[in-house]
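Please walk through the model below, starting from the whole chain and ending at single residues.

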Amino acid sequence: MRAMILERVGDPLRLVERPVPEPARHQVVIQVAACGVCRTDLHVTDGDLPDPSLPLVCGHEVVGRIVARGADASGLPLGTRVGVPWLGGACGHCNACLRGQENLCPAARFTGYTLDGGYAEYAVADARFCFVLPARYRDVEAAPLLCAGLIGYRSYRLAGNPVALGLYGFGAAAHILCQLAAHEGRRVYAFTRPGDLAAQSFARSLGAAWAGDSDEPAPEPLDAAILFAPVGALVPLALQAVRPGGVVVCGGIHMSDIPGFPYRLLWGERVVRSVANLTRADGHAFFAAAARTPLVLATHTYPLDLANQALADLRAGAFTGAAVLVP
């Protein structure tokens with residue numbers, strides 16, 4: 001099979017030929033139909049996330065069909081279309097796992113970081129951490145649901161029950177969550193890079209009640225704000241925008257340093273919290289919601305051998321929506 005691999009942090013990915021992987025007892029082999037290109041992939045390739053398992057096949061928004069399975073993976077028949085998310089495995093018996101926080105398991109394994117991912121023609125994954133995907137979404141459309149959708153949904157859950165919701169950064173995750181939140185009757189306010197009129201227009205087309213620059217004041221006090229842009233300087237701005245008792249959720253796995261800010265921005269029982277990874281319960285809840293919500297997924301496809309171009313375009317903000325590799 002062909003695969004794009006990261007051999008050294010900071011270097012471009014390289015196209016290689018590899019044997020098709022064999023499944024262990026709990027694993028399935030998936031013929032990859034699509035794999036999303038996520039900002040976390042940039043954090044892996046740039047070295048923002050330490051100690052990736054090199055050489056590494058990146059990619060953790062994997063969609064494909066099962067072509068082989070291990071002896072204990074009988075719950076998913078051959079031919080089943082599944083998605084492989086960021087969380088690729090957890091121990092199942094530590095305190096975090098036992099209290100329902102497998103996303104915080106110290107032995108957790110992550111697709112496209114500590115496990116090979118989906119920038120390839122075939123991938124292997126633990127069947128217990130795969131999801132059967134809603135039939136209403138085609139392969140390319142389903143790919144960004146596996147991380148942009150899942151992390152957005154967990155961030156949304158941890159934001160409480162906001163009526164007025166601010167989204168800072170309007171990329172792959174926000175364009176999915178905006179639709180879901182608007183469909184549920186919430187007022188969504190989209191904050192973009194200053195002057196990014198295309199992203200602001202895109203946000204309004206997907207149900208945002210307002211869209212403007214990230215340094216503008218919110219049209220009303222927000223119940224919650226979710227930060228998808230990995231920019232620490234947005235945290236004080238978001239705190240200033242939320243009402244007393246409001247929540248600021250940092251939805252990224254990596255963020256630049258948060259600058260100092262006066263205590264008055266936090267006072268009033270405002271909360272700043274992070275989101276780490278996801279749980280399988282999040283996934284099942286999100287895909288149930290996605291199945292009943294007519295989400296429009298904006299995607300830009302690239303062939304597998306142009307993975308480096310897809311990453312560069314993502315870094316440059318060259319498109320709205322999500323990039324997807326199609327092997």
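**From the chain to its parts**

The protein chain contains 9 helices and 18 strands. Its radius of gyration is 19 Å, close to the 20 Å that the globule rule gives for 327 residues, so the chain is as compact as a globular protein of that length. The model is a predicted one. Taken along the principal axes, the box filled by the C-alpha atoms is roughly 55 × 40 × 35 Å.

Burial and contacts come next. Of the 327 residues, 54% count as buried. The protein chain exposes about 13600 Å², and carbon and sulfur atoms supply 53% of that area. Among contacts between residues at least 6 apart in sequence, 69% join residues at least 24 apart.

The largest nonpolar core has 99 residues. Within this core, the residues with the most contacts are Tyr 119, Leu 167, Phe 170 and Ile 226. Helix α5, residues 172–183, provides the largest share of the core, with 7 residues. Apart from this core lies another, of 18 residues, which include Tyr 168, Leu 227, Ala 238 and Ala 241.

Phe 170 shows what such a position looks like in detail. With its neighbours within four places in sequence left aside, Phe 170 is in contact with His 175, Cys 178, Ala 190, Phe 191, Thr 192, Ala 199, Phe 202, Ala 203 and Leu 206.

One of the sheets can be followed strand by strand. In it, 3 strands are arranged in the order β2-β1-β4, as an open sheet with antiparallel pairing. β2 (14–17) and β4 (56–57) stand at the edges and have a single partner strand each, so one side of each is left without a neighbour in the sheet. The pairing of β1 (residues 2–6) with β4 is antiparallel and runs over 2 bridges. Ile 5 has Val 57, in β4, as its bridge partner.

Is helix α1 mostly covered or mostly exposed? Spanning residues 39–46, α1 is mostly covered, with 6 of its 8 residues buried. The buried residues are Thr 40, Asp 41, Leu 42, His 43, Val 44 and Thr 45. After α1 comes Gly 47, which has a positive phi, near 90°.

Terms used. Residues numbered from 1 in each chain as written. Predicted model: local features only at pLDDT ≥ 70, side-chain atom pairs only at ≥ 80, totals over all residues. Heavy atoms only, no water. Pairing = 2+ DSSP bridges. Helix = DSSP H or I, 4+ residues; strand = E, 2+ residues; numbered from the N terminus. Core = buried A, V, L, I, M, F, W, Y, C linked by side-chain atoms within 4.5 Å. Buried < 20%, exposed > 50% of the residue type's maximum accessible area, 1.4 Å probe, protein only. Contact = heavy atoms within 4.5 Å. Rg over C-alpha atoms; globule rule 2.2 N^0.38 Å. Areas by Shrake-Rupley, 256 points an atom, 1.4 Å probe, with all protein chains shown as cover.
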